[in-house]
Amino acid sequence: HDPEKRDVGASFFPALGAYSSADDSIIEAHFAQLRKANVGVAVVSWYPPGKRDANGPEVDGLVKRLLAAAARFGLELCLHLEPWEGRTAAA
């Protein structure tokens, strides 16, 4: 994995180049692409505050920005609840 060499560990390189999904310009570009393709719902992974996966920072603070962007583009946002240690039906 070396984005500087256009190696992102996948067979295809993103058209927008190597990026952070938390970058506001990337969020705008992705939501514009979804709207142009007549997609109505974006689904994103979510962990509760204080939890995260091994690949990045906590994402809870990103949700408000995603909701605002979705509203600007007339999209709905669906949160996929990721499993986390200690998660139970009651949690």
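User: Why does arginine 72 count as exposed?

Analyst: Arginine 72 has 53% relative accessibility, and exposed means over 50% relative accessible area, with buried under 20% and partly exposed in between (1.4 Å probe, protein chains only). So arginine 72 lands on the exposed side. Quick background: this is a predicted model, where local features need pLDDT of at least 70, side-chain atom pairs count only at pLDDT 80 or more, and totals for chains, interfaces and linings use all residues. Residues are numbered from 1 along each chain as its sequence is written, and side-chain values use heavy atoms, with hydrogens and water left out.

User: What makes arginine 72 and glutamate 28 a salt bridge?

Analyst: The rule asks for a side-chain nitrogen of Lys or Arg within 4 Å of a carboxyl oxygen of Asp or Glu. Here the closest N and O atoms are 2.2 Å apart, so the pair qualifies. Arginine 72 sits in helix α2 and glutamate 28 in helix α1, so this bridge ties together parts that are 44 residues apart in sequence. Glutamate 28, at 27% relative accessibility, counts as partly exposed.

User: Which residue forms a salt bridge with aspartate 24?

Analyst: That's arginine 65, with the closest N and O atoms 2.9 Å apart. Aspartate 24 lies in helix α1 and arginine 65 in helix α2, so the two tie together parts 41 residues apart in sequence. Aspartate 24 is partly exposed at 46% relative accessibility, and arginine 65 is partly exposed at 33%. By this rule, the count comes to two salt bridges.

User: How many helices and strands are there?

Analyst: Two helices and two strands, following the pattern α-β-α-β along the sequence. Both kinds are DSSP runs numbered from the N terminus: helices are H or I with at least four residues, strands are E with at least two.

User: What makes up the largest nonpolar core?

Analyst: Nine residues: Ile27, Phe31, Ala42, Leu62, Leu66, Ala69, Ala70, Leu75 and Leu77. Helices α1 (24-36) and α2 (60-72) are the elements that give two or more residues, and α2 gives the most, with four. The name means a set of buried Ala, Val, Leu, Ile, Met, Phe, Trp, Tyr and Cys residues joined through side-chain atoms within 4.5 Å.

User: Which residues is alanine 70 in contact with?

Analyst: Setting aside neighbours within four places in sequence, alanine 70 is in contact with Phe31, Leu75 and Leu77. Contact means heavy atoms within 4.5 Å.

User: How much of the protein counts as buried?

Analyst: Of its 91 residues, 20% count as buried.
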